Amino acid sequence: MENKYVIGIDFGTLSGRAVVVRVSDGEVLASAVTEYAHGVMDKTLTAGDGQALPPEFALEVPADYIAVLASAVPRAVKESGVDPKDVMAIGLDTTSASLVVTDEEGAPLCEKEEFKNNPHAYIKLWKHHGGQDQADRIVALAKERNEPWLGRYGGVLSSELALPKMLELYEKAPEVYQAAEVITDIMDWLTWKMTGVHTQTAGASGYKRMYQDGKYPDKAYLEALAPGFGEVFEQKMSAPIAPLGSKVGELTEKAASLMGLKAGITVCSGNIDAHVHAAGVGATENGVLTAIAGTSTCFVVSAHDYADVPGTFGVVDGGIVDGEWGFEAGQTAVGDIFSWFTTQCVPASYREEAQKRGINIHDLLTEKAAEQRIGEHGLLALDWWNGNRSILADARLSGMMLGMTLTTTPEEMYRALLESTIFGAKVIIDNFIEHGVDINEIVVAGGLLKNKLYMQMYADITGLPISISATDQAGALGSAVFAAVADGQYPDIFAASAAMGKKISHAYEPIPENVEAYRELYAAFKEMHDFFGRGGTKVMRNLKAIRAQVHRGN
């Protein structure tokens, strides 16, 4: 395997990263990043006529993803020094339930003149929450009819999933829905563009498209949701299911020319960006929770036996690795909360101090926050600044901070926000354990693992050892691991991950006195979590409703 290489491409929320990886040991030889030209359109339709978008919208442009193939891939290969002829396969991952609508040939409708100014013709990104009302109706009807698939999603359904987005499209933009020959996940659209073969990957199908036990929700249920909607999967989303780590097809001459590679190499089925991290950090064993902590945080863990876990984002047979049940949960905002705070709430004097010392504002606030004793700030925050994904699955919930006074400082608020996101993670972890999913180790990947205070907090609040990724390319490396399996370089994902995955075991251990000090704070967090999230008050939801009403009035 010494002269064999694979490419992994990690398509994130704002950019795509390509890496060139040696098959024998998983060494990342080079990487390159391409930013999406249009980024996330959540205020205005910058790719169209610049119209203001409704609240909770989050859209992207398909062509920005193609630009990654045309730019990042050839740059990474050139920087690696690898002969393009020695690249054997390509694997990719994307944010999940990021849906694109196309014609029968795969051309996005947003690229057609008649739809370029219609927001519903663009990619609805994972964090698009425009279909919350639809999600509520989907769950209510499923409960009324005792639909068997609902339990696989913890008895709730996030508006981020495919079905609420498709129903939103059907009801709010029927002209786009009717013109769409295909509704597909962006990961499957990309492999379609690369091979000419349209498949739907098994992982995202199970977690995001309600595909369970070989079938989608039945037509009668879908028709009861909305007359004429009953055949949405049959008519719009009927491509064959491709298992994880399988070969979709071979790179076409056109795609090869675009990417600077040889035609005919293996293209692996797409994967969910969070899920591939488990392979990238060598965390495919049962009971090892992978936490991908970045702008948001996703949690994935495998178990041998199925368990009903309320509030999970999905439970899928073979969803993360073959032969085991894969469980997913997550938080819709983590790093985004910290970025919002530093952008909107930090005084100029702090920025001046950071600039004078040559450090960024996050490092300055972390340094100041580390000087505080646990509980000294007297604050408690909720981590719902972009709604709650798990375990309440409600985009209408919002963030808050309790306990502020006229003497509260920015570093105290910053520390409370850091703690809140780990408290939110502990709610999810405890929920897994309570319902029969063992968790004995956490492996953290993503940008936040660089913050040592945050990682120690993770160990202290959860009471579990924290291992960390040994590479900052864990997502793209994970896609490369799956590509190696698809090309037959390893017999299965377990062997490939063991050889190619990178992690530092038990990098952070819980400090007993800190674990004890956080118990009371966590109990208070849980009380606040349940009061605002489980029916003690509807004030957060009511505020969102008032806001939406005002926007509609405009």
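**Salt bridges and a buried glycine in a predicted model**

D136, D394, R396 and R541 are joined in a network of salt bridges, a salt bridge being a side-chain nitrogen of Lys or Arg within 4 Å of a carboxyl oxygen of Asp or Glu. The model is predicted: local features need pLDDT of at least 70, side-chain atom pairs count only at pLDDT 80 or more, and totals for chains, interfaces and linings use all residues. Residues are numbered from 1 along each chain as its sequence is written, and side-chain values use heavy atoms, with hydrogens and water left out.

Me: How many salt bridges does a search of the whole structure find?
Reply: Side chains of opposite charge can pair when their charged atoms come close. The search covers the whole structure, and its count of salt bridges is 31.

Me: What is the distance between the closest N and O atoms of D394 and R396?
Reply: D394 is buried at 5% relative accessibility, whereas R396 is partly exposed at 27%; buried means under 20% relative accessible area, exposed over 50%, and partly exposed in between (1.4 Å probe, protein chains only). The two residues form a salt bridge in which the closest N and O atoms are separated by 3.0 Å.

Me: Which residue meets E168 in a salt bridge?
Reply: The N to O distance of this salt bridge is 2.9 Å. The pair links distant parts of the chain, 44 residues apart, with E168 in helix 3 (residues 162-172) and its partner in strand 7 (residues 123-124); helices (H or I, at least four residues) and strands (E, at least two) are DSSP runs, numbered from the N terminus. E168 is buried, at a relative accessible area of 0%. The partner, buried at 4% relative accessibility, is K124.

Me: Is R373 buried or exposed?
Reply: The side chain of R373 meets that of E376 in a salt bridge of 3.6 Å, N to O. E376 counts as partly exposed, at 41% relative accessibility. R373 has 62% relative accessibility and therefore counts as exposed.

Me: Which residues are in contact with G424, leaving aside its neighbours within four places in sequence?
Reply: G424 lies in helix 14 (residues 410-434) and is buried, with a relative accessible area of 6%. The C-alpha atoms of G424 and F525 are 8.5 Å apart, although 101 residues separate the two along the chain. With contact taken as heavy atoms within 4.5 Å, the residues in contact with G424 beyond those neighbours are Q331, D383 and F525.
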